[in-house]
Amino acid sequence: MAYVESLLHKCTSFSHIQQLHAHILTTGLFHFYPSRSKFLDFCATSAAAGSLPYAAAVFRFVPLPSTNDWNAIIRGHAQSHHPTNAVTCYLSMSRAPCKPDALTCSFFLKACARALARIESFQMHAQVLKSGFDADVLLQTTLLDAYAKCGDLDSACKLFDEMSNRDIASWNALISTMAQGNRPYEALKLFDRMREGSHDGRGMMMPNEVTVLGALSACSQLGAIRGCLDENVIVCNAVIDMYAKCGVVEKAYTVFEGMTCSRSIITWNTMIMGFAMDGNGEKALELFHRMAGGRVGPTPDGVTYLAALCACNHAGLVDEGVRLFELMEKHGVSKNVKHYGSVVDLLGRAGRLNEAYKIIESMPIFPDVVLWQTLLGASKIYGNVEIAEKASRKLVEMGSSNCGDFVLLSNVYAAHGRWNDVGRVRDAMKTRDVKKVPGFSYTEMNGVIFQFYNGDKSHPNWREIYGKLEEISFKIREFGYEPETNYVLHDIGHEEKQNALSYHSEKLAVAFGLISTDDKSPININKNLRICGDCHVVIKLVSKLYDREIIVRDRTRFHRFKEGSCSCRDYW
């Protein structure tokens, strides 16, 4: 099955799907039901034109389909333009020898929600109870969402009250639907019930961004957004957090400053951390000192100090960060491993690696894996082989098998041209079966998520994207750009290194953003790892030459590129 899965990942078009089908037929893998189910599921849910009808045609020739085979076809129809076909498939399955499982019910209910099939949702509810699937929280939430989408709010509310366990999605589904279904007052009552904790012993559930959007939608129907924000500190906190996490820290601060209700410690901590993640260390520390001065706000706690340390970290305020770290215990705030991690990162980024190492060695608490990984990462930035090897040995002793540990040490050796040591590290990775996590970037356009990997050509418009990259390359080279090939840590030629840099996932996402949006709208990109140094240089130039604001959220922070500069001030 792993073999078939690896081949599926390489399918980027309908013709590839057909070739793979022929391959697994001739090799006999198609008759091995896990492989067949995987193939049918991939084919039925692929974005490639014609893949769902092809999956349905293949399915018709399966003599005794398994439950997973049926699930693949039902799932494909459920998310297609004709979700009612999923209902028809389910009825056929109910007459087959195999029995539906919880996933079957879930896919069927998703089809009902899209097809507004209220009666079928009600019938499935009975089937869920009969089959004993009612303990499945995800399935219950899917049922609740189906009732809500079909407009049967009474059944949705009744189901919600009967649920023995609820997750955040359950609350969000009902709050959002009530807000949009002319029952905004009930939506706000449910929001209050959620944050205060229900009286049936099921405890409090913290709102997230989706919850807040539902509550604000209800407020807008009642004409009470200002009142909601004025009087409800929980809503304010969630709105501030939502804006900050979306990189719109100015709006978060507007809400913070406009609050007439008392700000809680969470309010202050959220706002300070918001400025920290946005790279505005000065503003974060200004808020911190307003708190610490005792004139306004509560007394800073451990989370406040952590947010302030992060602010110093992201803004390169090394001496201020060290001073805050040293003052913590004088102010009665205990240091935990996260505080130590932040100051080690702060010193490491500044190149003060020996100081960072001494702090770890002198810790009164046991340093965790993350601390040594942080030091190893700093060693890679400054090419310090000695500290890198010390950190690496500690990680091996602690049993870490994170691919990043091996890759960072390998990169340190590569930067010094020690290719034999690079080979030794890679052999160790193979021996331990450590796989490198691929970097990827994604962006949203018109409600659709588009994901890119390095050198990716899976997007239908990849030729246009690559054409835009060539245009970008021509423009920035005229502006004096030279590829920073030191970021390609392989023993290959200079030209090959340049080519390897050209198609990083961040660059592909930027090029796609440029061809897919109007000339003034910002481009928002997320990356699963830290942004590459060369990509950082290129995106700064793109923001200037194309007069576009580009916001990149990488693993650790926001980078707001505008007019040829980045909010991180090239310190990350």
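**Figure 1. Helix H23 and its surroundings in the predicted model.** Helix H23 (residues 369–382) comprises 14 residues, and the distance from its first C-alpha to its last is 20 Å, close to the 20 Å expected at 1.5 Å a residue. The expected span is 1.5 Å times one less than the number of residues. Helices (H or I, at least four residues) and strands (E, at least two) are DSSP runs numbered from the N terminus. Buried residues of H23 are Leu371, Trp372, Gln373, Thr374, Leu375, Leu376, Gly377, Ala378 and Ser379; buried denotes under 20% relative accessible area, exposed over 50% and partly exposed in between (1.4 Å probe, protein chains only). Their cover includes H21, helix H22 (353–361), helix H24 (385–397) and helix H25 (403–415). Gly383, with a positive phi near 65 degrees, follows H23. This is a predicted model, in which local features need pLDDT of at least 70 and side-chain atom pairs count only at pLDDT 80 or more, whereas totals for chains, interfaces and linings use all residues. Residues are numbered from 1 along each chain as its sequence is written, and side-chain values use heavy atoms, with hydrogens and water left out.

Figure 2. Ser342 is located in helix H21 (residues 337–349). With a relative accessibility of 6%, Ser342 counts as buried. Leaving aside residues up to four places away in sequence, Ser342 touches Leu306, Leu309, Cys310 and Asn313, where contact means heavy atoms within 4.5 Å.

**Figure 3. The aromatic pair of Phe452 and Phe512.** The structure contains 15 aromatic pairs. Phe452 and Phe512 form a tilted pair, at 5.5 Å centre to centre and with 55 degrees between the planes. Phe452 belongs to strand E2 (residues 448–453) and Phe512 to helix H29 (residues 505–516), so the pair ties together parts that are 60 residues apart in sequence. Both Phe452 and Phe512 are buried. Rings of Phe, Tyr and Trp (its six-membered ring) pair if their centres lie within 6.5 Å; planes under 30 degrees apart count as stacked, over 60 as edge-to-face and the rest as tilted. Elsewhere, ring pairs link Tyr253, Phe256, Trp268 and Phe275 into a cluster.

**Figure 4. Helix H29.** The end C-alpha atoms of H29 are 16 Å apart, in agreement with the 16 Å that its 12 residues should span at 1.5 Å a residue. Of these 12 residues, 10 are buried, so H29 is largely enclosed by the rest of the structure. The buried residues include Glu506, Lys507 and Phe512.

**Figure 5. Charged side chains over aromatic rings.** Lys390 lies over the face of Tyr357, 4.7 Å from the ring centre. Arg553 lies over the face of Phe558, at 5.1 Å from the ring centre. A charge sits over a ring if NZ of Lys or CZ of Arg is within 6 Å of the ring centre and within 35 degrees of the ring normal.

**Figure 6. Cysteine residues.** A search of the whole structure finds 0 disulfides, a disulfide being a pair of cysteine sulfur atoms within 2.5 Å. For Cys532, the closest cysteine sulfur is that of Cys535, at 4.0 Å, too far for a bond. Cys532 counts as buried at 11% relative accessibility, and Cys157 counts as buried at 16%.

Figure 7. Residues 136–170 are 74% helix and 0% strand, with end C-alpha atoms 12 Å apart. Residues 301–335 are 69% helix and 0% strand, and their end C-alpha atoms lie 10 Å apart.
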